[in-house]
Amino acid sequence: MDELASSVLAVFILISSSIFWYSWIFKKSRKQTDLLPPGPRGLPILGYLPFLHTNLHLQFTELAHRYGPIYKLWLGQKLCFVVNSPSLIKEVVRDQDTILANHDAPVAGLIATYGGLDIVWSPYGPYWREMRKTFVREMLSNSNLEASYNLRKDKVQKAIRDVYAKIGSSIDIGELAFVTELNVVMNLLWGGTIDGDDKQDKVGAEFRKVASKVVDLLGKPNISDFFPILARFDIQGIAKKMKNCLPYVDGILDNVINEHTKMVSVGVEGATGRRDGKKDFLQILLELKEKVTSVTMIQIKAIMMDIVVGGTDTTATVVEWVMTEILKNPDVMKRVQQELTNVVGTNTLVEEFHLSKLQYLDAVVKETFRLHPPLPLLVPRISSQSCMLGGYTIPKGSRVFLNIWSVYMDPQVWENPSEFKAERFLNIDDGKLWDYLGNNFEYLPFGSGRRICPGLHLAEKMVMYVLASLLHSFDWKLPEGENVDLSETFGIVMRKTKPLIAIPSPRLSSLSIYRALLETGNNGSQLEAQGVRHSECTHHMSGEPLCL
Ligand code: HEM
């Protein structure tokens, strides 16, 4: 009933605002017609909104074939531009980088980040610069990433134990990847603060529930974003739902922060520094707050939200797509595993120092980023002033989509673009940069320019580490009679439509896994409890717990 009432209200407001709206567009377009690029026509008031398909990146690429490398379209009240070529993308992120440096913040995103106090949605300026600098220098510096390695390792090894306990049964790879990446992210955030797997798991489970709700709400198209004039009516109730989530997120973050403060006040050993080489991000942020009094607790929480939302679904989705491509191409699986055997051996588990030597796996991940980019339109930008792009005017306040999908599918740029071919990233003689740093405008999975993803080095480590570990410890196959399905669904992150289900079998001998897990700090009874058994060992049969 509520929904019906608000829809009727919406229609009424739509009609009454249409007269005002029409005259506004007319005035605007009359002023700029000559300089605007071509683009598809839409309906009055609604623009092209009713014609949008679910998979926006595919539709935008089809439209590029019709209208060229830059075109315009109205989505409700918003004038949008889609750029589709490396040279135009370069114009956005280099030549016009200050004018187009803002991300176009959705209503739900602003609510989730305490009014846009985070990095993703703050406008380009001194506040954003300070927050980003803090994030990159204080939390994601090489030394801090090194210091937090144990926090990643704990959770990746937990994933190996969990998979080992399910040998021979069907596993939802997306869920495994999401839980693992979220555990890794949460351990990085506050793993040194909350000691003990049980306590961490409890906070993790609470946070997982609310984090997936936040991510889902962020992915929903919201009328308020296309008709800011209607935002206060919140027709789909998305703002209200997000506001309802916030106290839960806040409560969890407050609890963790209080726990930490308590540890410091009662003088728990190492609470203000590193313990066992662990230094979590919360520790770094709270130390920073002591040093820089202008940093507030709300800003700390907003940064934590960026890390959870930015670092989980994205990395987990890539892991699931890589596993999908590997299961579709058994030769690729064989070659990846051969490389793992050569680099890591068969008696030890993967460690992060191995990753830089896994060149073929790196190429497989890069090719997967190209064929299944988590953000095929990156994060849309908004013009803070009127500017020129490709010879056309981009009026102030327009939304600009950077369609990297159309570049990835362009046969002029990539030979046989729809084909999975990891080797193209091994060809170091072509004189091009095939890294994630955003300087090659033909390949930009993490964006480019001053807004490039600051979490890219951490993301690269997390994706490679989880994949290498899953593929080194286990062989994977599809359930009997199943085929690999490649369909995708566009959203805040482009996910697989149908979850990938696969069955693990041990690749290393069980004794090797058992020994390796023990050597890396896991305890014997914990392994036994989770079903990791050193079955070749006769002592095990006689019940001896530590027989190695
Ligand atoms: C596979 C994983 C990831 C992908 C594909 C990805 C992709 C992106 C992209 C495309 C952007 C926008 C860049 C632009 O506008 O040019 C971005 C921004 C951002 N990402 Fe990531 N990201 C990933 C992981 C992470 C992680 C792990 C974190 C945090 C630890 C993170 C935090 C952020 C933040 C804070 C921004 C906003 C930067 C700003 O506005 O200045 N991301 N990311």
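The legends below describe close-up views of one predicted model.

Residues are numbered from 1 along each chain, as its sequence is written. Because the model is predicted, local features need pLDDT of at least 70 and side-chain atom pairs count only at pLDDT 80 or more, while totals for chains, interfaces and linings use all residues.

**View 1**
The protein has 21 helices and 12 strands. Helices (H or I, at least four residues) and strands (E, at least two) are DSSP runs, numbered from the N terminus. Of the 548 residues, 42% count as buried. A residue is buried if 20 or more other C-beta atoms lie within 10 Å of its own, exposed if 12 or fewer, and partly exposed in between, with C-beta atoms placed from the backbone. Two residues are in contact if their C-beta atoms, placed from the backbone, lie within 7 Å. Among contacts between residues at least 6 apart in sequence, 75% join residues at least 24 apart.

**View 1. The ligand sits in a shell of 27 residues.**
Gly310, Gly311, Gly447, Cys453 and Gly455 come nearest. A residue is near a molecule if its C-beta atom, placed from the backbone, lies within 6 Å of it. Helices α13 (297–311), α14 (313–328) and α18 each supply at least two residues of the shell. The most come from α13, which gives four. By type, the shell holds 15 nonpolar, nine polar and three charged residues. Ala, Val, Leu, Ile, Met, Phe, Trp, Tyr, Cys and Pro count as nonpolar, Asp, Glu, Lys and Arg as charged, and the others, Gly among them, as polar.

**View 2. Cys453 lies in the loop between α17 and α18.**
Cys453 is buried, because 22 other C-beta atoms lie within 10 Å. Leaving out residues up to four places away in sequence, Cys453 touches Phe446 and Gly447. In an unreviewed entry, UniProt lists Cys453 under "binding site". UniProt positions follow the numbering used here, feature names are shortened, and annotations may be inferred rather than shown by experiment.

**View 3. Lys432 lies in the loop between α17 (404–408) and α18 (456–473).**
Lys432 is exposed, because 12 other C-beta atoms lie within 10 Å. Glu442 is 10 residues from Lys432 along the chain. Their C-alpha atoms are separated by 9.6 Å.

**View 4. Five strands form an open sheet.**
The order is β1-β2-β8-β5-β3, with mixed pairing. Strands β1 (70–75) and β3 (102–103) stand at the edges, each with a single partner strand, so one side of each has no neighbour in the sheet. Two strands pair if DSSP finds at least two bridges between them. Two bridges join β3 to β5 (residues 381–382), and these strands run antiparallel. Asn102 has Ile382 in β5 as its bridge partner.

**View 5. Strand β12 (residues 501–506) pairs with β4 and with β9.**
β4 (residues 171–172) pairs with β12 in the antiparallel sense over two bridges. Here Ile171 stands opposite Ala502. β9 (residues 474–477) also pairs with β12 in the antiparallel sense, over four bridges. Here Lys477 stands opposite Ile503.

pLDDT is the predictor's confidence in each residue, from 0 to 100. Its mean is 85, and 81% of the residues reach 70 or more. Residues 1–9 stay under 50, with four contacts beyond four places in sequence. Residues 535–548 also stay under 50, with 18 such contacts. Where pLDDT is low, the predicted coordinates should not be read in detail. For the complex, the predictor gives an ipTM of 0.99 and a pTM of 0.88.
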